[in-house]
Amino acid sequence: MDSLDYSKLKLKVGLEIHQQLDTKSKLFCSCPTSLVEESGKEFERSLRPTRSETGEVDIAALFEWRKGRRYRYQAPEGHYCMVEADEEPPHEMNREAVAIVASIALALNSNLVDEVHTMRKIVIDGSNTSGFQRTAIIALNGYINVNGKEHGIETIALEEDAARKVSEEGRSIIYKLDRLGIPLIEIATSPDIASPKEARDVALAIGRLLRLTGRVKRGLGTIRQDLNISIEGGAKTEVKGVQKLDLIEKIVQFEVERQVNLLKIKDELSKRNIKKEELDSIEAQDLTEIFINTKSKVIKSKINSGKKVIGARLPGLKGILGIEIMPNRRFGKEIADYVRFWSGVEGFFHSDELPRYGITIDEMEKVYSKLNADRDKDAFVIISDDYEKCLKALRIIINRIKMAFEGVPEETRSANEDGTTKYMRPRPGKERMYPETDIPPLYIGDAILKEAEKIKPEPLEVKMRKLVEKYGLSRELAEKTINDVNLGFIEELLDKYGDKVQPTLIASIFVNIIRGLKSKGVNIDLLSEKKIEEIVRLLYEKKISKEAIEDLLIKACEKPEYSVQDIVNMIGIGTISIEEARSIVRDIVKNNRDLIVSKGMRSINILMGKAMSRLRGKIDGKTVSELVNNEVKKILNNV
Ligand SMILES: [Zn+2]
């Protein structure tokens, strides 16, 4: 889908931005707010049954489904206490965190509440030992001006971060407690964002404002955004936990596409005059016999381990499951996500995607016959698992298809790396909050306001001037630096190393080199601040040349277990000037004159190999290639 008219579709996007605060201690205890490698001792908790409240069917259903889950918690020494272990009530709310949030709230033109009341929000995934997250509203009704448009800031809250997931295997999930309780600011905008680009720009502006306080955590995972997206006639979809700003535009665009296409499916179903109720009479048939000698590896291995193959006719639905609703995601895949979540069955096959995956036309014919299906009108599904699980999966499939008659179901989704999203769980109704009786209300008085005044985010222009005047960055580079998520870190490096390493180079490492690597597909998430600083330090000590930076960064991403010094030793990076490199290339070219004369420009590959074997790691390959080209041309011109 190339162009969508977002205003015609009445797109509405609201953001919820969660950012960890850089406080000395956690929100409700005095544990530090840093993450650690070690896992410490482990203990287990089972999820507590929650009060069964009316109207909370979704949550109740989720609890039901999650009942068999086991949660283990890693408790690293010094990074948890009785509060995180839920063996002691939370202590008083961290005033430093309140002051930081108040300062941000004021910068966002919001009204501070007089008294802060802590509430409990139910958590269903075990990421909090107590079974709920504590949250407190600090300010209301603000706004931010972005590119001349005023965007509402509905609420600003202070909450505790959840434990971080270490691993998930089957029904057993392991969390680590170091992150649990780190203060988070949660900023919720009004749903007044009207295009994907606007969503990105508002997120960028708020993120920048947060960083300009200098009091928020840095690095991947310290800022997470939830996006609420809807179009007219569609439904509110919540995309959870987006960590990368660059993805926001795509996520919104793809979600709009998805909703548009689901609405098209709705129209198509009504055009076909299919009655939703007809689907209730769909029956499962045992198809195991048909697939006894199948070439489909998936089905074969299921049958070999004693599972069944069942199928069902989907009357009148030919073509529907095959409709692409997002890039590379058919409606069938969307249903499969529901099946996986609600039944635990890994997936199913549907006629719109067959013959494929080893399932032959011949087998399809047998299925059509056995199911009494009309090849021109009907679709079918094939599920393989324990018989009971298959039946459950089929019910989920039918239920999801029935939802398609209404259009877009409200749901919570998670983002994939490419900006597409997948079903995560249903959207719980309006979240229920309970007062946290263990924590007394906190009055926002003069002391906190005074503290907030000191933390005020530095105005953009002031920061700009500083980067331009103090470090000599161009305005363009300064602007990119300010918008970079690593702003605070870049400044730290400028202060520490800027006297001997060109400040322009330091900033470029982030806004040009690392971003360039990212667009080339290098996994830059594996770059820690520590590694980048090691590289800058080697530059500072004149142990490497700037030409080596890119190679070092790439290797650091490829071999995250190696230190930068290890990499330097391993690939023999040293300082080499372009003049030295040229003289080496000249030598090689001179010694291979005959080859060049006989092969002409085709000799380049061989010469490049020879040159790289001597220069690899010392200077970048592109420069070597230019040098080789130039020198070879010189020879050829003089032949
Ligand atoms: Zn603690």
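1. Pro 503, Ile 506, Ala 507, Ser 508, Ile 509, Val 511 and Ile 514 are the buried residues of helix 13. Buried here means 20 or more other C-beta atoms within 10 Å of the residue's own, exposed means 12 or fewer, and partly exposed is in between, with C-beta atoms placed from the backbone. Helices (H or I, at least four residues) and strands (E, at least two) are DSSP runs, numbered from the N terminus.

2. Before going on, a word on the source: this is a predicted model, where local features need pLDDT of at least 70, side-chain atom pairs count only at pLDDT 80 or more, and totals for chains, interfaces and linings use all residues. Numbering runs from 1 along each chain as its sequence is written.

3. Back to helix 13 (residues 503–519): its buried residues pack against helix 10 (460–471), helix 11 (475–483), helix 12 (487–497), helix 14 (529–540) and helix 15 (549–558). Contact means C-beta atoms, placed from the backbone, within 7 Å.

4. The length of helix 13 checks out: 17 residues at 1.5 Å a residue should span 24 Å, and the end C-alpha atoms are 23 Å apart, which agrees. The expected span is 1.5 Å times one less than the number of residues. There is also a bend of about 45 degrees at Ile 509, taken as the angle between axes fitted to the seven residues ending there and the seven starting there. Ile 509 is also one of the buried residues. Just after the helix, Gly 521 has a positive phi of about 90 degrees.

5. Have a look at strand 6 (residues 118–122) too. Strand 6 runs antiparallel to strand 7 (residues 132–146), with five bridges between them; pairing needs at least two DSSP bridges. Arg 120 has Arg 134 as its bridge partner in strand 7. Strand 6 also pairs with strand 22 (residues 433–435), again antiparallel, over three bridges, and Lys 121 stands opposite Met 433 there.

6. On domains, an automatic or database assignment sets the bounds: domain 1 (13–236), domain 2 (269–423), domain 3 (458–571) and domain 4 (578–637). The C-alpha centres of domain 1 and domain 3 lie 30 Å apart. Their contact takes nine residues from domain 1 and 11 residues from domain 3.

7. Overall, the protein has 20 helices and 23 strands, and 39% of its 639 residues are buried.

Note on methods. Two residues are in contact if their C-beta atoms, placed from the backbone, lie within 7 Å.
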